[in-house]
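Dear colleague,

Please find below the structure that I am handing over to you. My notes on it follow directly after it.

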Amino acid sequence: FIGLGEMGEPMARHLLQHGFPVVSCANRRRKAIEALAKEGLVEAENPAGVGAKADIFMTIVVDQAQTEQVLRGPTGALSTLRPGSVIIIMSTIDPDYCKSLAQELAPRDIEVIDCPVSGGPHGAVAATLALMTGGAADVIERCRAPLEAMGTIFPCGEVGMGMVAKLANNGLLV
């Protein structure tokens, strides 16, 4: 789990409380790492270290540039993720980025789910987030239990459609 900010810290906490092992790394602040370590979080040195231990790699960082850095940076997770793993992108970013990533990683047998969230920090704390998921139904099903630890899954279709739904939702709320 990468992105232990205002949203990510309580999301990772819910995963731990539901018995899921969580591995993460510090970026700007150590406070969340230290707090969650007391609850069972395992710290890795960097995203590659997280990827090496992950079957499901979740990221909720600020934007697409940070998502790209987490995945492809000098210590990015794509260098260590194994065949059969799943990347779940929970930041709100470009749907085409998610589609391209899924196409790129398909030959490596790495699946992608786009899963932006709605509900804000309160929803993250209460585990009542709306999880707008785009991806293959069988892959979403494989990830159902950890996702439901954080909120309610709303399947939106193929990869990229979770982002489309979130962007439409944001447009309606303005």
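In what order do the three strands of the open sheet lie? Their order is 6-7-8, and the pairing is mixed. Please bear in mind throughout that this is a predicted model. Strand 6 (117–118) and strand 8 (151–155) form the edges of the sheet, each of them pairing on one side only. Five bridges join strand 8 to strand 7 (residues 129–133), and the two run in the parallel sense. Within this pair, T133 is placed opposite P155 of strand 8.

The largest nonpolar core has 30 residues, of which F1, M11, I88, M90 and L147 touch the most other members. At least two residues of this core come from each of helix 1 (8–17), helix 2 (31–37), strand 4 (86–89), strand 7 and helix 7 (137–142). Helix 1 provides the largest share, with four residues. As for L147, its contacts beyond four places in sequence are M58, I88, M90, C115, L131, T133 and I153. There is also a second, separate core, made up of 25 residues, with L101, A102, I110 and V112 among them.

I next turn to helix 4 (residues 64–72), where T67, V70 and L71 are buried. Why do the buried residues of helix 4 line one face? Viewed down the helix axis, they fall within an arc of 90°, and therefore they share one face of helix 4. The elements covering the buried residues of helix 4 include helix 3 (47–53), strand 3 (56–59), strand 4 and helix 5 (95–105). Where helix 4 starts, a side-chain oxygen of D63 comes within 3.3 Å of the backbone nitrogen of A65.

Is S85 buried or exposed? Its relative accessibility is 2%, so S85 counts as buried, the cut-off for that class being under 20%. A polar atom of the S85 side chain lies 2.6 Å from the backbone oxygen of R82. Apart from neighbours within four places in sequence, S85 is in contact with A54, D55, D109, I110, E111 and R142.

Yours sincerely,
A colleague

Key. Residues numbered from 1 in each chain as written. Predicted model: local features only at pLDDT ≥ 70, side-chain atom pairs only at ≥ 80, totals over all residues. Heavy atoms only, no water. Pairing = 2+ DSSP bridges. Core = buried A, V, L, I, M, F, W, Y, C linked by side-chain atoms within 4.5 Å. Buried < 20%, exposed > 50% of the residue type's maximum accessible area, 1.4 Å probe, protein only. Contact = heavy atoms within 4.5 Å. Arc of directions from axis to C-beta. Polar contact = N/O pair within 3.5 Å; in protein donor to acceptor, adjacent residues only side chain to side chain.
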